[in-house]
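Here are my notes on this one, point by point. Have the model open while you go through them.

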Amino acid sequence: MPEKVASLAPVVQSSTTVALSWGAVTLPSSSSTRYYRIKAGNDGGEGPQSTELSGFVTPALKAYKLYRDNLLLVTLSSSSLSYTDSSLLPDTTYSYRVAALSTDDLEGSQSDAA
């Protein structure tokens with residue numbers, strides 16, 4: 001699972017625009033083993049048989065998910081470490097969080113709110 005994103009920093013550019021940036025996340029370098037159990041039967045009435053398979057998976061960073069007021073705002077590529085939100089209403093307070101997503105679709109903990 002990805003680490004928690006650190007250092008989410010907003011910079012107000014105007015009353016309707018904020019620029020956000022954050023630090024890159026790394027994933028654990030170790031592989032994890034995944035197990036799968038397959039059950040099969042046939043039309044002849046012979047009972048189900050099962051086979052267990054396993055394999056190693058080394059996930060990579062897939063994307064960053066940016067949330068505004070606890071709703072998903074946008075999903076960005078893994079190389080993106082910033083985003084400019086220009087769809088804001090003047091005189092309104094917003095809260096942002098960002099989380100990393102791995103290639104095996106595990107989402108890390110969200111950053112602290114900014």
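1. Start with the open sheet in the order 1-2-7, which has 3 strands and antiparallel pairing. Strand 1 (9-14) and strand 7 (82-85) sit at its edges with a single partner strand each, so one side of each has no neighbour in the sheet. On average, neighbouring strands here are turned by 20° against each other, ignoring direction. Keep in mind throughout that this is a predicted model.

2. Look next at how strand 2 meets strand 7: the two run antiparallel and are joined by 4 bridges. If you want a landmark in that pairing, take Ala 19, which stands opposite Thr 84 in strand 7.

3. There is another open sheet of 3 strands, this one in the order 6-5-8, and its pairing is antiparallel too. Its edge strands are strand 6 (71-77) and strand 8 (96-102), each pairing on one side only. The twist from one strand to the next averages 25°.

4. Within that sheet, strand 5 (residues 61-68) pairs with strand 8 in the antiparallel sense over 7 bridges. One spot to check is Leu 66, whose bridge partner in strand 8 is Val 98.

5. Val 98 turns up again in the largest nonpolar core, which has 15 residues. The members touching the most others are Val 5, Leu 20, Trp 22, Tyr 64, Tyr 96 and Val 98. Which elements give two or more residues to this core? They are strand 2 (17-21), strand 5, strand 6 and strand 8, and strand 8 supplies the largest share, with 3 residues.

6. Leaving aside residues up to four places away in sequence, Trp 22 touches a run of residues from Val 5 through Ala 6 and Ser 7 to Leu 8.

7. Now the chain as a whole. Among contacts with a separation of 6 or more, 53% are between residues 24 or more positions apart.

8. Last, the surface. How much of the chain counts as buried? The figure is 27% of the 114 residues. The chain exposes about 7,300 Å², and carbon and sulfur atoms supply 50% of that area.

Key:
Residues numbered from 1 in each chain as written. Predicted model: local features only at pLDDT ≥ 70, side-chain atom pairs only at ≥ 80, totals over all residues. Heavy atoms only, no water. Buried < 20%, exposed > 50% of the residue type's maximum accessible area, 1.4 Å probe, protein only. Contact = heavy atoms within 4.5 Å. Areas by Shrake-Rupley, 256 points an atom, 1.4 Å probe, with all protein chains shown as cover. Pairing = 2+ DSSP bridges. Axes fitted to C-alpha atoms, helices over the stretch in contact; angles between N-to-C directions. Core = buried A, V, L, I, M, F, W, Y, C linked by side-chain atoms within 4.5 Å.
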